[in-house]
Amino acid sequence: LPTRPEAVAISSEQFDFTSTLAVFRGNVRAQPEGAALSCGVLKATFVPGGSVVQQIEAEQQVVFEQKEARTTGEKAVYLPKEDIITLTGNPTWKAGGKEGGGDLIRINNKTKEFLVSRNVVVKLVPDQMLSLDWLSRASQTNPAAPNRLPIEIRSDELVSRTNSAVFRGRVRLIDPQ
């Protein structure tokens, strides 16, 4: 979903339009600058009496890809004024050696905050994490060993900012080694 106002090419099998709502249905593809969005239904709600987009909703197998990051869910809501994207319906993300999901993912592009709520599961590849002695001991003792299996962290909430990640509520770390 676009992070700033811009023209976006959208294709679909069906298109309906009123003065306050544009609805694209069936094999919807949108390509905001440097990204790709696919879904079953895309709705853009406009501020009454104008051409300013108030809200964008994507539904049915939503996939958003930008650079090496991929986010999925059954529903995504983007609020352009706040520059916030909320994904629900088994939302997941994958970027580099990190992946995860929960019941809700909220991305605030203004503050660069990434929030995952309820039933949070995060998988991290140890070789791509901050080096923590007790987590990386196996790869340090045998540098020729193949990449380790991902470490899994489960919690009730994850708040990630540019330089930090905080897990809260019933935090469990699972190391398959």
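This is a predicted model: local features need pLDDT of at least 70, side-chain atom pairs count only at pLDDT 80 or more; totals for chains, interfaces and linings use all residues.
Two strands count as paired here if DSSP finds at least two bridges between them, and the strands themselves are DSSP runs of E, at least two residues long, numbered from the N terminus. Residues are numbered from 1 along each chain as its sequence is written, and side-chain values use heavy atoms, leaving out hydrogens and water.

Let's start with strand β12, residues 151–161. How many bridges join β12 to strand β13? There are 5, and β13, which covers residues 164–168, runs antiparallel to β12. These two strands make a hairpin, with 2 residues between them.

β12 also pairs with β11 in the antiparallel sense, over 9 bridges. Have a look at leucine 158 in β12: valine 116 stands opposite it, and in β13 its bridge partner is phenylalanine 167. Then there is β14, residues 172–174, which pairs antiparallel with β12 over 3 bridges. Here glutamate 152 stands opposite isoleucine 174 in β14.

Now on to serine 117, which sits in β11, residues 113–124. Is serine 117 buried or exposed? It counts as buried because its relative accessibility is 11%; buried means under 20% relative accessible area, with a 1.4 Å probe and protein chains only. And what does serine 117 touch, leaving aside residues up to four places away in sequence? Its contacts (heavy atoms within 4.5 Å) are Gly102, Asp103, Leu104, Asp156 and Glu157.

Notes:
Helices (H or I, at least four residues) and strands (E, at least two) are DSSP runs, numbered from the N terminus. Buried means under 20% relative accessible area, exposed over 50%, partly exposed in between (1.4 Å probe, protein chains only).
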